[in-house]
Amino acid sequence: MPDAPDAPIDDLVVAGHVLAAEGVIDSFGHVSIRHPGDAGRFFMPRVRAAELVQRDDILEFDIEARPVRPTDARIFAERMIHAAIYRLRPDVMSVCHHHAPAMLPFCVAEMLLVPVFHLGATMGATVPVWDSQDEFGDTDLLIATEAQGLSLARALGPHWTVLMRGHGVTVAGRSLRETVFRAIYGMRNAETLLRAHSLGAVRTLTPGEAAAAEAFNLQPFATDRAWEQWCSRAARAAKPSL
Ligand code: MN
């Protein structure tokens, strides 16, 4: 059990349930938080589907992705993603890595993922694409080394969502709720863009619209409202129907 305040760990557990209930994470994918009292540490679960994760599954890691306490639990190779982003981005307090089906076409096609609607702008106005082939050649596409993690974190740069060619997506935020919000509405933006393309030419948000909408929607009054509803849905999803 990590030595940390209860509330952030409980929220991290719930965030995994929310991301699963909303279809962002399935058996794979993970979400983490930076230690609220120690910028050089972070928390993420042991290897387990997010919707099943409980408090006892949460492990603490140092900034080089080593477990702070010895553990027999299987740990994610891709914790390297989280460690690298916490190292390069002091403003980031939470990271999510996922393979949401709606996002994957944009990890495969040449078409850029761009904001096309108000809430979708919270994925960030610019979504870079990282290609493991560029620096690492033929791999299994996982990010399993420090060098790969740092390469991805550099590609993320100052942005909030980065696509990983042929693999998935990594999302960052200044809080856990912000990361969850960006991840869910980034996925919905991808769904909307795909559907809109089937109708013909697409009008994207202007850079100014995207920046203004992102700033507006990430205010706590909006993210807290969504969080409350998502938690309720996730709790209902966990209960057998009556
Ligand atoms: Mn992955």
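1. Helix α2 (79-88). In this predicted model, the buried residues of α2 are R79, M80, I81, H82, A83, A84, I85 and Y86. That is 8 of the 10 residues of the helix, so α2 counts as mostly covered, buried being under 20% relative accessible area. A65 lies in the loop between β3 and α2. Its phi is positive, about 70°, although A65 is not a glycine. Most residues other than glycine have a negative phi. At 1% relative accessibility, A65 counts as buried.

2. L141 is in the loop between α4 (132-136) and α5. Phi of L141 is near 80°, again in a residue other than glycine. L141 is partly exposed, with a relative accessible area of 26%.

3. Sheet order. The model has an open sheet of 7 strands in the order β3-β2-β1-β4-β7-β6-β5, and the pairing is mixed. β3 (58-62) and β5 (129-130) are the edge strands, each pairing on one side only. Strands of a sheet pair through backbone hydrogen bonds, either parallel or antiparallel. β1 and β2 (residues 41-45) pair in the antiparallel sense over 2 bridges, and I33 has F43 of β2 as its bridge partner.

4. Strand β7. How many residues of β7 are buried? The count is 6 of 6, and the strand is mostly covered. G168, T170 and A172 point one way from β7, while V169, V171 and G173 point the other way. In a regular strand the side chains alternate between the two faces of the sheet.

5. Partners of β7. β4 and β7 run antiparallel and are joined by 5 bridges; here H97 is paired with T170 of β7. β6 and β7 are also antiparallel, with 4 bridges between them, and L163 has V169 as its bridge partner in β7. The hairpin of β6 and β7 has 3 residues between the strands, and G166 takes a positive phi near 70° there.

6. Helices on the sheet. α1 lies across β1, β2, β3 and β4 (94-98), and runs at about 155° to β1. Helix α5 (residues 146-156) packs on the sheet by touching β5, β6 (161-164) and β7. The direction of α5 makes about 125° with that of β6.

7. α1 against α6. The axes of α1 and α6 are 11 Å apart, at an angle of about 10°. Because angles under 35 degrees count as roughly parallel, α1 is roughly parallel to α6. On the α1 side the contact is made by D11, L12, A15, V18 and L19. On the α6 side L176, R177, V180, A183 and I184 take part.

8. Nonpolar cores. The largest nonpolar core has 42 residues, and those with the most contacts inside it are L19, M103, L113, L163, L176, V180 and W230. At least two of its residues come from each of α1 (6-21), β1 (30-34), α3 (104-108), β7 (168-173), α6 (176-199) and α8 (220-238). α6 supplies the largest share, 9 residues. Apart from this core lies another of 24 residues, including F42, L59, I81 and A172.

9. Surroundings of L113. Which residues does L113 contact, leaving aside its neighbours within four places in sequence? They are M103, F106, M123, V127, L163, N189, A190 and L193. Of the residues with the most contacts inside the largest core, M103 and L163 are among those named here.

10. Helix α7. In α7 (residues 207-217), the buried residues are A210, A213, E214 and N217. They cover an arc of only 100° around the axis, so they sit on the same side of α7. An α-helix has 3.6 residues a turn, so residues three or four places apart point the same way. The face turned away from the buried side carries the exposed residues A212 and A215. α6 and α8 are among the elements that cover the buried residues of α7.

11. R48. This residue is in the loop between β2 and β3. R48 is partly exposed, with a relative accessible area of 31%. Leaving aside neighbours within four places in sequence, R48 is in contact with V53, Q54, D57 and F76. R48 and S27 are 21 residues apart in sequence, and their C-alpha atoms are 7.4 Å apart in space.

How values were computed. Residues numbered from 1 in each chain as written. Heavy atoms only, no water. Core = buried A, V, L, I, M, F, W, Y, C linked by side-chain atoms within 4.5 Å. Buried < 20%, exposed > 50% of the residue type's maximum accessible area, 1.4 Å probe, protein only. Contact = heavy atoms within 4.5 Å. Arc of directions from axis to C-beta. Pairing = 2+ DSSP bridges. Axes fitted to C-alpha atoms, helices over the stretch in contact; angles between N-to-C directions. Parallel < 35°, antiparallel > 145°, perpendicular 65-115°, else oblique.
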